[in-house]
Amino acid sequence: MKNSTITPTDLGEKFPFSGKLIAAGFHALSDPLRIQILELLREQELCVCDLCDRLCVSQSKLSFHLKTLKEAALVRSRQEGRWIYYSLNLVQFLAMEQYLSDYRHLSQILPARPCSDAD
């Protein structure tokens, strides 16, 4: 899927925003190691052993971060034999991108009305 662009139109869906899932996505993006994991997965699907080797981390540490990424729906996993392979879940990245882009389309925000002392 490298060098290809996917848009919401290509997927034929409007993204339903789940506040919890969007928040989980941004939380997952807040850790440097998780960003490194995602950067490696941009290139190709990888198994846990390859991720451990490339990141120089223990499997237990990596498992904690992969769990966070999975709970945020940013990565998918599949099992083949005794190995688990991880890849990006591009639909979730598009949903988060769409969520942020909605702010770009806001018109000028009106100032608050003055508060009144109602005694």
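This is a predicted model: local features need pLDDT of at least 70, side-chain atom pairs count only at pLDDT 80 or more; totals for chains, interfaces and linings use all residues.
Reader: At what angle do H3 and H5 pack, and how far apart are their axes?
Author: Helix H3 (residues 32-43) and helix H5 (residues 59-71) pack at an angle of about 80°, and their axes lie 10 Å apart. The two helices are therefore roughly perpendicular to each other.

Reader: Which residues make that contact?
Author: H3 contributes Leu33, Arg34, Ile37 and Leu38, while H5 contributes Lys61, Leu62, Phe64, His65, Leu66, Thr68 and Leu69. Of these residues, seven are nonpolar, two are polar and two are charged.

Reader: Changing topic, how many salt bridges are there?
Author: The count comes to four. One of them joins the side chains of Glu39 and Arg42, at 3.4 Å from N to O.

Reader: How are Glu39 and Arg42 placed in helix H3?
Author: They are three residues apart in H3, so about one helical turn separates them. Glu39 is partly exposed, at 40% relative accessibility, and Arg42 is exposed, at 56%.

Reader: What about Glu45, which residue does its side chain meet in a salt bridge?
Author: Glu45 meets Arg78, at 2.8 Å from N to O. Glu45 lies in the loop between H3 and strand E1 (46-47) and Arg78 in strand E2 (residues 75-80), so the pair ties together parts that are 33 residues apart in sequence.

Reader: And which residues are joined into one network?
Author: Glu80 also forms a salt bridge with Arg78, with the closest N and O atoms 2.7 Å apart. Through shared partners, Glu45, Arg78 and Glu80 are joined into one network.

Reader: Is Glu80 buried or partly exposed?
Author: Glu80 is partly exposed, with a relative accessible area of 45%.

Technical notes:
Residues are numbered from 1 along each chain as its sequence is written. Side-chain values use heavy atoms; hydrogens and water are left out. Axes are lines fitted to C-alpha atoms, for helices over the stretch in contact, and angles run from 0 to 180 degrees between N-to-C directions. Helices (H or I, at least four residues) and strands (E, at least two) are DSSP runs, numbered from the N terminus. Angles under 35 degrees count as roughly parallel, over 145 as roughly antiparallel, 65 to 115 as roughly perpendicular and the rest as oblique. Contact means heavy atoms within 4.5 Å. Ala, Val, Leu, Ile, Met, Phe, Trp, Tyr, Cys and Pro count as nonpolar, Asp, Glu, Lys and Arg as charged, and the others, Gly among them, as polar. Buried means under 20% relative accessible area, exposed over 50%, partly exposed in between (1.4 Å probe, protein chains only).
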